[in-house]
Amino acid sequence: MVNEIRRHPSVLTAAAARWHALQREGALDAAQQRAFMQWLLVSPDHLREYMAISQVAGALGDALRCMPIDLEALIAAPAPSEAGDNVVRLPLRRSSPPAPAPRRARRHLPGLAAAATLLLSLGIGAHLAWPQNLHYIAAHGAPRQVVLPDQTVLHLNAESEVSVRYTLLGRRVELERGQASFVVAADRRPFAVHAAGLQVTDIGTTFDVSLLREQARIGVSEGRVQVRGDGGRGRMLADLVAGQTAQVDYRDQRVHIDREDPATMTAWWEGRIVFRDVPLREVADRFNRINEQRLLVSDAAGALRLTGNLRAGDLASLRAFLDQQPTLTTAETGQGIYVRTHAPAHDGAYEH
């Protein structure tokens, strides 16, 4: 059978393409996965052809994503006449060099079989070699929970946005705005969150990343993370374990590390806003993500540091809490709840 396949490369290529398609669609059960493993180990030619198919498929996918083709226009275009040129020229970018042809692997069966075993032991079929790009947005007042393809649970706060990219070698998340927590699923591929020039690398973790006004805040409720500057290429800024938070200044990446109850870090998942020695302006930002009626604070009032535990949608309790503060006063208008200090002559403009 092997000799027949070698005499007819098209048969081997077709078989490799079929296995690749099934893996990418996730259509194999346990018995079929075993059959796939046996097929890989029959001959080094099988593994070589399968990896070539995967490489070509990945390169083709990347090329298609970079092609500025208007598919609607192509579909709507009239069919070419029989006498004319029937070749449709796709506008490929000339700056992109052609993908190099895959090099022929040396015929070392033990090494190739080990590579096949490693491929499967990592739990990643060829469908994971094809990059996956995902994008999630949580609107105002609408936090959401998403289970990512690797079974990582993403908690996305209101007014927040992330982009996720899965490849054969890694899992990368870009926090573009707002706040997100991650309950990271076990996987051999590293999991990293990029935000405001920082890289937060998971080491078996549940953690939270929030983009505040002047700093990024990283909190670890379980496990451990490492924080590096310069998008992951810079120095180590923090090595955090459960119960620790780090505030990293946007301007100079100055770091302040503190202790915090892990339950406090994830309270917002349950619709609660817990704040301990936090400026009122930050408390207002948290409430304003959820509620239609906004909390507007003056410059002087916004600097006051408060501690509390309130329901995110309970503005009546929040206002009562603020009225209890000896230096604050509140007033409600059609624009929202205004908060200022008792010394209006020293107050600045209201923060929106």
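Select Phe207 to begin: with 1% relative accessibility it counts as buried, where buried means under 20% relative accessible area, exposed over 50% and partly exposed in between, using a 1.4 Å probe and protein chains only. You are looking at a predicted model, in which local features need pLDDT of at least 70, side-chain atom pairs count only at pLDDT 80 or more, and totals for chains, interfaces and linings use all residues. Residues are numbered from 1 along each chain as its sequence is written, and side-chain values use heavy atoms, with hydrogens and water left out.

**Stop 1: around Phe207**

Keep Phe207 selected and find strand β9, where it sits. Helices (H or I, at least four residues) and strands (E, at least two) are DSSP runs, numbered from the N terminus. Which residues does Phe207 touch, not counting residues up to four places away in sequence? Among them are Ala180, Ser181, Phe182, Phe191, Val200, Gly219 and Val225; a contact means heavy atoms within 4.5 Å.

**Stop 2: the ring cluster**

Show the side chains of Phe182, Phe191 and Phe207, which ring pairs link into a cluster. Rings of Phe, Tyr and Trp (its six-membered ring) pair if their centres lie within 6.5 Å; planes under 30 degrees apart count as stacked, over 60 as edge-to-face and the rest as tilted. By this rule there are 3 aromatic pairs. Phe182 and Phe207 have ring centres 5.3 Å apart and planes at 35°, so this pair is tilted. Phe182 lies in strand β6 and Phe207 in strand β9, 25 residues apart, so to speak a link between distant parts of the chain. Both of these residues are buried.

**Stop 3: another ring pair**

Next, select Phe275 and Phe321, an edge-to-face pair with 5.8 Å from centre to centre and 75° between the planes. Phe275 belongs to strand β15 (residues 272-279) and Phe321 to helix α11 (residues 315-323), 46 residues apart. Are these residues buried or exposed? Phe275 is buried at 1% relative accessibility, and Phe321 is buried at 15%.

**Stop 4: the antiparallel sheet**

Color the strands β2-β3-β6-β9-β10-β13-β14, given here in their order in an open sheet of 7 strands with antiparallel pairing. Two strands pair if DSSP finds at least two bridges between them. At the edges stand β2 (144-147) and β14 (255-259), each with a single partner strand, so one side of each has no neighbour in the sheet. From one strand to the next, the twist averages 15°; axes are lines fitted to C-alpha atoms, for helices over the stretch in contact, and angles run from 0 to 180 degrees between N-to-C directions. Zoom in on β6 (residues 179-183) and β9 (residues 206-211), which run antiparallel and are joined by 5 bridges. Ala180 has Val209 in β9 as its bridge partner.

**Stop 5: the mixed sheet**

Now pick out β1-β4-β5-β7-β8-β11-β12, the order of 7 strands in an open sheet with mixed pairing. Its edge strands, β1 (132-138) and β12 (236-241), each pair on one side only. Inside this sheet, 4 bridges join β8 (residues 198-202) to β11 (residues 224-228), and the two run antiparallel. Click on Gln199 to find Arg228 of β11 opposite.

**Last stop: the whole chain**

Zoom out to see 11 helices and 20 strands. Of the 352 residues, 41% count as buried.
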